Structure formats: C-alpha cells, structure tokens
Amino acid sequence: EVSITKFPADERKIIAKAHDKYKKARAGIINTRHGQIHTPAFMPVGTKGTVKAMLPESVQTTGADIILGNTYHLMLQPGAKRVFKLGGLHKFMNWSKPLLTDSGGFQVMSLSKLRKITEEGVIFNSHIDGSKFMLSPESSTEIQYLLGSTITMAFDECTPYPSTYEQAKSSMELTSRWAKRSRKAFYSRDGYGQFGIIQGSIYNDLRLKSALDLIELDFEGYAIGGLAVGEGQELMFKVLDYAPDLLPINKPRYLMGVGKPADIIGAVQRGIDMFDCVIPTRSGRNGQAFTKYGVVNIRNSKYKEDNTPLEEDCLCPACKNYTKAYLHYLVKVKEILGAMLMTWHNLMYFQKLMLRIREYIAQGKDFDFIS
Ligand SMILES: Nc1cc(N)c2c(=O)[nH][nH]c(=O)c2c1
Ligand SMILES: [Zn+2]
C-alpha cells in the first residue's frame, strides 16, 4: 500500500510546537513496492526514460528516492507495449527505486500540434511524425501499467491560467469524470498507487468540489494540478494556503511542476510532500548552477579564470574535482561533460535542500533558508 508513515507521536508534537507558519509542514515516509520515499521529496524529471545527462546510478548518489517519467513521450517512442515486453521501465532504464509517471494529458496539450479534447479523451497528432493517437483515462492508466509505474497519475485536464470561473468549473468537472474512469481502470496492487489530481484554478469552492469528488475515489495520494502554469508565486501560495487542507492528512500531497527552492519551501510550509520540476536539470544544461550564494550563470566571462569550485563544501563531482573556469569552458564550447557536471551539481543541490527541510521539520525548527 502506498501510505505516508508519520513520525512517532512524540516527534509529531515537536513539529506541532514549530512556529505556526510551519505547523502544516510534515516529514514522513511513503512506503512502496520499489522502496521508501522520504518526504518532503523532490523528483528529478526523467522525461524519456532518462534524467538527461545523468546515469541512473549518479541520480541515486544525489539522494533522489524517486524519479518522474513522461507517459506522452514514452508512449510515442519506444511505445508502452515494447517497454512492457522488455521488462518494464525500471529494467529498461536501470532504475530500481520508485517511478512516478504523469498521465500524458499535460504534455499532449503543450507538445502535440493538433489535438481535440472530447468527453472520451484527447485525440492528437504525434509531434514526431504526425500520426494520430487518443489518450483517455483508460488508455493512460493502461500505458502507465505497462510501463510498470510505482505511482500512476490519473488522467486530468490541466485548467489553463487565467480561466474564468465557468471555464474552470467545466474543466474541473471533466477532470472529476476522468478521475472516476482512471480509478476504475487502475489495477490495484500492494506497493503501487494511483494519485488523483485536483483542479479548480484559483477558485476555492471549485478546489473544494474537486477534492470532494476525488476523495470519494480513495486514491493512494493526491496531486494539486493547475498551478505553476503562469499564475505566479503569490497566487500559487494563495491557493496553497487552503488547498492542501482539503486533502486527506494521512496521504501524500504532490504539487506538480514545482519549482524553484523558494517555491518548494513555501509549499512545504503549506503542507505539500512531493515535487517535480525540470528546473535543476534544464537550467544545469543551460549553464545555471544553484548554489548557497545564489544562481551562478557559469557562462559569465568573470568565471573564465576562476579556479574555485561552485561550492567548496558540495560533494558532487563538479565541485569536488573541477573549477568554475573548467565548467565555464565546457559549457561555452558545448561539451557534453559540461551538461553532465552542471546537472549533477543542481540535482545534488535540490536533494540537499530537501534533506535539510526534512531534518528541520523533524527537529521542529523553522526553515526559511533557501540556501
Ligand atoms: N504545473 C503542472 C504540471 C504538470 N505536469 C501537470 C500535470 O501533469 N497534470 N495536471 C496539471 O495540472 C499539471 C500542472
Ligand atoms: Zn556541487
């Protein structure tokens, strides 16, 4: 069963003693068929069955307990049936720990050129060769089963921002109907779980209705969708000031697509347990390193003769064995090693941040740090 195991009662009392602002923060363990997930957790994005520029064993050294795979990409290439025949995504990509796959709906809307939303599902043309596909609650759930996902996401419609109340209402109602069909199509097994995704945009009554609809389906966990879609941090936090409280306290809460360190800290303070974002990997490949001194744009010429590491106390290979001057050079000349080292550092930075947050919560200490 995918369940969140909270700290023993006396440690919970410590958390409760923490400053009000932190009272909703919680640290725990999600137990799954592929191992434990220590929360709050950050999931590196492994879009096409690989965390770009990283070996899976390198991802493991950063401290990641779980990575995310994208159903849309994997269903197009190499195809879910082929991955199943080859032993599933864990074996295919040599990652034995938990895997969460998204439902594919979000990426269909952002990547495929031609698509049509119907009650049945989304009909779309592959962005690769234009061939026609249909993604529905049933087919998305089956594809994720064939991939062997530890945590399957229900098929939803991500309500765009901004949306009128009426638009958000009808989109949320579609997500509720699709959630019911996704839940029916899910093959329930010990140690595997399916998460529902609540919508409702910035409207609290719609968020409540969405939560009530999905709680009825008794998912193993719940995601908050429709955020990190351009609304900005202030509005996102305004929704997070109440939305996590609408969800079962004993089940994991996953904020999709978030985010920068400050976003993560603010969301943990509001009761979120899980995160995924391309920022550490994508920005690493683009030459941006997250450090305790702030973001370092390594392409800046001021680093071309800087013989110091990105962070003197970081244990990643980039910091242990190389200098900013070398990273500057590699990224400038577009050497693959540059992308590898910058990605490795950023993933290590994000996992260190999550580890520190978990420690501070367990000790009932305030954690406003973002370094
Ligand atoms: N920011 C977001 C990122 C995401 N991957 C998703 C998603 O996959 N589904 N639904 C969502 O609402 C959503 C929001
Ligand atoms: Zn480092």
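Predicted model: local features only at pLDDT ≥ 70, side-chain atom pairs only at ≥ 80, totals over all residues.
The zinc ion (ligand 2) is held by four protein donors: the SG atoms of Cys314, Cys316 and Cys319, together with ND1 of His345. These atoms lie 2.1 to 2.3 Å from the metal. The angles among the 4 donor atoms run from 100 to 115°, and the site of the zinc ion (ligand 2) is tetrahedral. The assignment follows because four donors count as tetrahedral when all angles lie between 85 and 135 degrees. For comparison, the ideal angle for four tetrahedral donors is 109.5 degrees.

Along the chain, the donors of the zinc ion (ligand 2) follow the spacing C-x1-C-x2-C-x25-H. Cys314 belongs to the loop between β16 (294-297) and α13 (317-321), whereas His345 belongs to helix α15 (residues 336-362), so this pair ties together parts that are 31 residues apart in sequence. Cys314 counts as buried at 2% relative accessibility, and His345 counts as buried at 0%.

Helix α15 also gives a point of reference for the segment that comes after it, where Asp368 is placed. Asp368 counts as partly exposed, with 45% relative accessibility. The C-alpha atom of Asp368 is separated by 9.2 Å from that of Ile357, a residue 11 places away along the chain.

The next feature is the largest pocket. About 710 Å³ of space lies in the largest pocket. Its lining is made up of 33 residues, and those closest to the pocket centre are Asn70, Phe106, Gln107, Asp276 and Val278. Two helices, α6 (105-111) and α12 (279-285), each supply at least two residues of this lining. Helix α6 gives the most, with 5 residues.

Attention now turns to a buried loop residue. Ser126 is located in the loop between β8 (122-125) and β9 (132-135). With a relative accessible area of 6%, Ser126 is buried. A polar atom of the Ser126 side chain lies 3.2 Å from the backbone nitrogen of Asp129. Leaving aside residues up to four places away in sequence, Ser126 touches Tyr72, Leu76, Ser131 and Phe133.

The buried residues of α7 are Pro137, Ser139, Ser140, Thr141, Ile143, Gln144, Leu146 and Leu147. Just after α7, Gly148 adopts a positive phi of about 90°.

Gly28 and Pro40 are 12 residues apart along the chain, with their C-alpha atoms separated by 7.3 Å.

The remaining features concern backbone geometry in loops. The peptide bond from Gln77 to Pro78 is cis, with omega near 0°. Pro78 lies in the loop between α3 (71-76) and α4 (80-85). A cis peptide bond, again with omega near 0°, leads from Val258 to Gly259. Gly259 is found in the loop between β13 (253-255) and α11 (261-269).

Positive phi values also occur at residues other than glycine. Asp218 has phi near 50°, a positive value in a residue that is not glycine. Asp218 lies in the loop between α9 (204-215) and β12 (221-224), and at 46% relative accessibility Asp218 counts as partly exposed. Ala228, which is not a glycine either, has a positive phi of about 55°. The loop that holds Ala228 runs between β12 and α10 (233-240). Ala228 counts as partly exposed, with 36% relative accessibility.

Methods:
Residues numbered from 1 in each chain as written. Chains lettered and ligands numbered in written order. Heavy atoms only, no water. Donors = N, O, S within 2.8 Å, 3.2 Å for Na, K, Ca; no water. Tetrahedral: all angles 85-135°; square planar, octahedral: opposite > 155°, others 65-115°. Helix = DSSP H or I, 4+ residues; strand = E, 2+ residues; numbered from the N terminus. Buried < 20%, exposed > 50% of the residue type's maximum accessible area, 1.4 Å probe, protein only. Polar contact = N/O pair within 3.5 Å; in protein donor to acceptor, adjacent residues only side chain to side chain. Contact = heavy atoms within 4.5 Å. 1 Å grid on protein atoms, 1.4 Å probe; cavity = no way out; pocket = protein on both sides within 12 Å on 5 of 7 lines; lining within 4 Å. Points joined across faces, edges and corners; volume = space filled by probe spheres on them.
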